[in-house]
Amino acid sequence: MNINQLDAFLVLADCLSVTETARRVHCTQPAVTMRIQMLEQELGTPLFDRVAKRLHLTRQGKAFREYALEVVNTLATAREHLRQMEDPLSGTIHFGASNFIGAYLIPAIIAHHKRLAPKLAFELDIASSSELVRRLEAGSVDFLMVSDQLQLDRARFVFRELCRDRLVLIAAPGHHFTHREKVSLAQVATETFLIKPGPSATRDFLSERMRLSGVSLADEMNISSLEAIKQAVMHNLGISIVSRFAVAREIAAGDLVEVSIENACFERGIRIVHHREKLLSPAVTRFLDLLLSQDMPGQAAAGP
């Protein structure tokens with residue numbers, strides 16, 4: 001078994017096309033077929049089935065894929081670590097983030113650190129929580145930036161808080177709430193409330209907080225995009241509670257109004273998560289140390 005066989009297997013498992021695999025790994029189609037056959041012979045089991053002229057991973061192939069990913073990613077990590085030992089201000093940092101964090105927090109963070117270390121390269125995976133955890137376990141990302149509402153095993157993962165995320169009530173400038181100093185959560189629940197449909201970590205967080213406060217939404221409009229929610233609120237289709245990171249510019253420009261909620265505070269943590277057994281590279285270690293020791297770029301926007 002060699003790394004070329006594992007690379008060919010992983011690419012073929014992804015695209016299920018020998019032609020495309022040959023193109024991606026820069027070899028001939030017969031060479032791809034031979035690598036897969038030799039791998040199957042060594043493992044003593046078929047990894048692919050051909051049904052109606054289409055390739056499919058077998059049950060054994062699906063199981064082996066996770067191990068192959070771990071091996072390939074570990075080797076790539078070792079190579080990267082050795083290269084960074086010569087210059088920790090260069091290299092590649094590959095991490096994952098949820099949609100909200102990836103869109104509204106990370107661009108400013110990367111821009112800030114690129115000024116400190118111009119040779120540093122960043123690769124960012126934005127995906128669902130379940131997919132991010134799968135990639136972290138497989139070693140394909142160095143760490144995650146996620147909400148502290150994501151439940152993970154503390155025995156397997158290390159958690160470090162990056163900042164606090166305050167969610168605020170927003171309304172259009174002409175909405176009747178904007179003429180009041182404060183509104184109650186019960187009053188909020190009577191309005192048309194714009195919220196993401198499930199599954200959504202933010203939705204679960206808001207729903208649980210409202211349940212604990214003894215209120216439930218009377219008129220709910222589900223919108224799957226945060227940007228679309230913001231635009232809908234601007235057009236006075238309803239109100240919403242969203243991260244202030246996501247609406248700081250619109251509030252400053254007067255396109256949206258932040259309304260105070262009496263005796264209610266919606267706040268969650270944003271944290272960095274990495275696997276306890278993963279050896280962090282010099283570049284990643286330096287990046288995280290700097291990030292956690294300084295004010296996060298844009299964090300001032302999260303204030304009142």
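Which helices and strands each supply at least two residues of the lining of the largest pocket? They are helix H1 (3-15), helix H4 (59-86), strand S3 (91-97), strand S4 (120-126) and helix H7 (129-138). H4 gives the largest share, 10 residues.

A bit of housekeeping: this is a predicted model, where local features need pLDDT of at least 70, side-chain atom pairs count only at pLDDT 80 or more, and totals for chains, interfaces and linings use all residues. Residues are numbered from 1 along each chain as its sequence is written, and side-chain values use heavy atoms, with hydrogens and water left out.

The largest pocket has a volume of about 680 Å³. Of its 29 lining residues, Asn 73, Ala 76, His 94, Gly 139 and Ser 140 are the closest to the centre.

Next comes the second largest pocket, at about 520 Å³. Here 19 residues form the lining, and those closest to the centre are Ser 98, Ser 129, Ser 200, Ala 201 and Thr 202. Two or more lining residues come from each of helix H5 (99-104), strand S5 (143-147) and helix H9 (201-212), with H9 giving the largest share, four residues.

On terms: a pocket is an open set of points on a 1 Å grid over the protein atoms alone, where a 1.4 Å probe fits, with protein on both sides within 12 Å along at least five of seven lines; lining residues have an atom within 4 Å of a point. Volume is the space filled by probe spheres set on the points. Helices (H or I, at least four residues) and strands (E, at least two) are DSSP runs.
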